[in-house]
Amino acid sequence: MNYDFKSIEAKWQKNWQENKTYQVTEDPSKEKFYVLDMFPYPSGAGLHVGHPLGYIASDVIARYKKHQGYNVLHPMGYDSFGLPAEQYAIQTGQHPAITTENNINRYRGQLERIGFNYDWSREVRTSDPSYYRWTQWIFKEIYKSWYNKDTDKAEPIQTLIAKFEENGTYGVNAAVEEDWYKELKEEGYPFGQHFAGDFTATDWGVLNDDQKSEVLSHFRLAFISDTWVNWCAALGTVLANDEIKDGLSERGGHPVEQRLMKQWSLRISAYADRLLSDLDQLDWSDSIKEIQRNWIGKSQGASVSFQLVGSAEKIDVFTTRPDTIFGVSFMVIAPEHSLVDKITTPDRKEAIDIYVKHAKSRSERDRQSDVKHVTGEFTGAYAIHPFTGEEIPVWIADYVLAGYGTGAIMAVPAGDQRDLDFAKHFEIKVPQIFNGVEIEDEAFAEKTATLQNSDFLDGLTYAEAVPKIITEMEAKGIGTGKTNYRLRDAIFSRQRYWGEPFPVFYKDGKPGLVEDEKLPVTLPKVDKYLPTESGEPPLARSKAEDWNVFEGDEMEYNTMPGWAGSSWYFIRYMDPKNAEAIASPEKLKYWGAVDLYMGGAEHATGHLLYARFWTKILFDLGHIPFNEPFKKMVNQGMILGRSSLVYRLELSSYFIPEVDPGQLPSPRKFPEIFVTKEIFDDWEDNQKLNKHAFEVDHKLNTLLQELMGKDHGMDLSNVQWEYDFTTLHVDVNIVHNDELDLDAFRKWRRDYADAVFVLNPQDKYVCGHEVEKMSKRWYNVVTPDDLCEQYGADTLRLYEMFLGPVEQSKPWDTQGISGVHNFLRKFWRLFHDSDGNFNVSKEAPSKAELKILHKTIKKVTEELDRLSWNTVVSTMMIAVNELQAEKSNNAEVLSKLLVLISPYAPHFAEELWEKLGNTGTITAEPWPAFDEKHMVDDSVSYPVSFNGKMRFKIDLPTGMSKEDIEAAVLAAEEAQKYLDGGAPKKVIVVPGRIVNIVI
């Protein structure tokens with residue numbers, strides 16, 4: 001019987017589904033193990049072979065842990081509020097839910113065919129109202145909370161109200177903007193014109209409900225504020241920084257500009273220190289941790305105020321180098337800074353307005369990364385140096401961002417390269433403040449030099465100067481020591497239709513929350529999925545009767561970002577059908593945090609950070625019993641595409657010396673000409689080396705004469721051609737072992753139907769190749785469907801693991817998959833005789849068979865424990881080869897090998913397990929135990945040397961003493977021959993290894 005993988009895989013996938021093999025329930029008698037893949041977004045294109053890499057790796061571990069006796073949770077679902085579905089809706093009018101459902105069905109079919117052990121009964125979809133009801137509930141919990149720095153956690157807003165009622169703001173240590181009070185409307189509040197944020201219990205008591213609500217809004221973890229955002233007009237929505245590349249939206253490549261908009265935000269900055277310090281308890285890669293550390297960006301320094309000349313306004317800055325304050329020669333504020341309009345002098349207004357408009361057209365990422373171009377404008381205003389009294393010019397420049405720090409800097413050109421480049425470009429002085437360092441083209445950013453030209457800081461080191469200058473700042477009332485974070489509050493509004501609706505309505509312009517019993521607030525119908533003509537989000541197109549819940553004057557028209565649903569989905573998997581809570585306390589306690597999380601490193605500053613943030617909030621509020629979502633994480637690398645290339649001849653012109661070229665037909669009438677890789681390489685190499693160019697030209701001329709002369713019935717022997725080559729990508733599915741299928745190529749593109757091919761001496765067209773990202777653009781996408789059809793899902797699973805370490809990116813090479821398929825066929829033959837009949841031995845295994853088996857058990861177990869997926873495959877290959885050499889078909893040995901291969905090739909293992917006479921699924925079989933005794937040999941083969949030269953070998957029992965080994969060797973007939981009746985001068989015995997006789 002041949003290895004009929006198609007029928008085998010179809011049989012077992014049906015069996016697993018009918019018997020609910022992978023359905024899991026809580027079992028207190030078993031230790032749990034929670035394995036999770038990062039939430040996939042289901043696209044219409046479906047999976048290519050790069051997508052399942054992490055899924056297969058996690059599936060292997062989930063199956064391995066189940067064999068070890070763990071109760072394994074391994075669920076799957078969909079991050080289904082995707083921008084592409086909405087873009088398709090805008091283009092076609094088809095509701096995004098229909099597109100999403102079609103895409104999910106495509107994904108589900110592909111995943112099932114690969115044979116994953118997902119518990120599909122726990123599937124969740126973020127776009128399902130029964131799911132996002134709880135996303136809305138979590139938002140409400142966040143809104144109803146504040147961050148108490150004294151307890152270092154989120155608390156219900158009622159505890160803050162109680163503090164205000166008891167003693168006002170005195171004794172309150174909250175995460176709140178320092179100048180929050182400036183946003184209060186002065187009229188109606190009893191605080192007075194000198195109010196700076198502190199009020200008494202009496203003050204609080206006289207506030208009306210609206211005033212209290214406004215004050216509380218500045219302390220909440222979810223709040224509305226005017227925020228500079230990345231606005232993409234073409235997509236009609238705000239984008240996160242990680243959704244923008246080179247000033248364009250990652251989706252569609254549309255321009256992005258900075259715009260000030262009222263947005264919901266979440267106060268993730270309150271958790272900055274915990275997000276940073278708790279990284280130490282996570283078993284994540286150092287690179288991912290470092291990315292998060294840099295994104296959070298903790299820095300120690302000082303907050304300093306610079307008084308503006310002739311104004312009551314001040315410019316506040318945060319600096320990590322307060323010791324360099326005497327090196328300040330100008331100030332820079334962001335083009336979006338609130339002071340720009342106030343301080344710009346009339347003569348500078350036009351230039352400033354033009355510059356501000358330009359800066360808003362650039363994304364923050366572009367502004368930060370562009371170090372080549374120095375731009376800026378002088379505002380006409382001056383600030384007063386707080387120590388020297390010198391007037392310092394105030395500029396605007398786009399390398400300063402409104403959302404970072406205070407949106408202003410004190411520029412120290414001697415100590416910062418961008419400041420130095422700016423100063424040199426605009427001819428601003430550069431104070432020399434570092435002893436022994438002359439600043440010319442490069443700033444000195446080190447902390448090793450002592451200070452000079454710095455008044456009372458002269459001669460001090462960085463460590464000595466910082467505390468001294470902070471003390472002086474505090475004494476003068478112009479500054480204070482401060483810890484700052486780069487992490488900014490997370491913008492939570494999206495001007496989109498296809499997203500989680502907010503559980504929020506507005507009455508008289510003030511937000512209110514929909515009651516829990518009325519959730520979920522579902523998406524209303526709209527006539528179009530575009531923003532309104534006035535720029536409002538698509539939900540503004542709805543009518544009151546279109547909403548399932550409508551309260552107040554209007555509902556919130558923004559939707560939540562995609563990361564809202566993906567920030568807590570791992571919790572919902574624990575109890576996906578619960579209609580009373582996000583999950584029951586018992587199930588939350590049992591499953592706890594994810595034990596192994598597989599996903600891409602590209603989500604380090606988006607999904608991973610937000611999921612940690614939401615987990616900590618839910619933990620603080622007592623809703624879940626764990627503080628971090630993912631204990632261990634492995635980031636799989638990319639599987640890169642192996643693109644196929646063809647080489648098109650570009651016939652730019654031709655001429656015949658002393659003959660009118662007009663007699664020849666236009667090159668446009670010639671067919672497309674493609675030359676094989678060998679000819680292209682010959683041409684390219686000789687062009688580069690400038691050697692043998694004549695020979696190559698002659699070869700191509702001859703080919704062109706042959707191709708064109710016959711077709712046009714002309715004598716082209718005197719024609720001189722001018723040409724070049726263009727390298728084009730071609731669909732890898734019509735290329736086999738680098739040989740192009742010419743007929744398929746002509747059918748692939750209509751413009752190539754009449755193409756002419758210049759072949760190699762074997763009459764083949766050989767393609768070139770390149771390794772690059774797998775993409776439809778490069779025609780190098782390989783789908784798992786085709787490979788499952790040709791080789792089977794088990795071969796695909798094994799091959800993806802065999803390609804190399806999961807964490808590394810590697811090129812896909814379909815040619816190598818046949819070797820893995822042959823391994824499975826060879827494994828299959830161990831169970832069958834030469835006629836294909838199932839045939840195994842029930843006898844006791846031999847010592848050699850047991851040694852092979854237990855060596856393999858030990859190696860496979862060790863490699864899986866350290867998550868080395870690829871070496872397991874090679875270990876199993878070695879075992880099969882060794883058993884084949886032993887002509888082994890022992891049932892006891894083979895049954896244990898099936899368990900070892902089962903996590904990788906589950907259909908294959910199930911089929912042979914059944915053939916061995918077992919009735920239950922192999923997934924429930926215990927993992928084989930390694931026994932050291934089978935690794936110990938009964939005898940040792942000693943090489944015996946005379947004067948260092950090996951003469952013969954002798955087999956002796958294991959465990960003999962040195963004396964017994966020596967006696968046995970000297971008594972051997974071979975030894976007597978070399979001793980020739982004499983006695984050795986010395987005998988060196990290394991037990992278990994060698995014997996050397998000196999004569």
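Helices (H or I, at least four residues) and strands (E, at least two) are DSSP runs here, numbered from the N terminus. This is a predicted model, in which local features need pLDDT of at least 70, side-chain atom pairs count only at pLDDT 80 or more, and totals for chains, interfaces and linings use all residues. Residues are numbered from 1 along each chain as its sequence is written, and side-chain values use heavy atoms, leaving out hydrogens and water.

Let's begin with two aspartates. Asp-738 sits in the loop between strand E26 (735-736) and strand E27 (739-740), and has a positive phi of about 70° although it is not a glycine. At 17% relative accessibility, Asp-738 counts as buried (under 20% relative accessible area; exposed is over 50% and partly exposed in between, with a 1.4 Å probe and protein chains only). Asp-763, in the loop between strand E28 (756-758) and strand E29 (768-772), also isn't a glycine and has a positive phi of about 60°. With a relative accessible area of 60%, though, Asp-763 is exposed.

Now for helix H4 (residues 96-114). Its buried residues, among them Ile-104, Tyr-107 and Leu-111, fall within an arc of 130° seen down the axis, so they line one face of the helix; the arc is that of the directions from the helix axis to the C-beta atoms. Part of the cover over that buried set comes from helix H1 (5-19) and helix H29 (906-915), among others, counting contact as heavy atoms within 4.5 Å.

One last stop: the peptide bond from Leu-519 to Pro-520 is cis, with omega near 5°. Pro-520 lies in the loop between strand E19 (510-513) and strand E20 (554-555).
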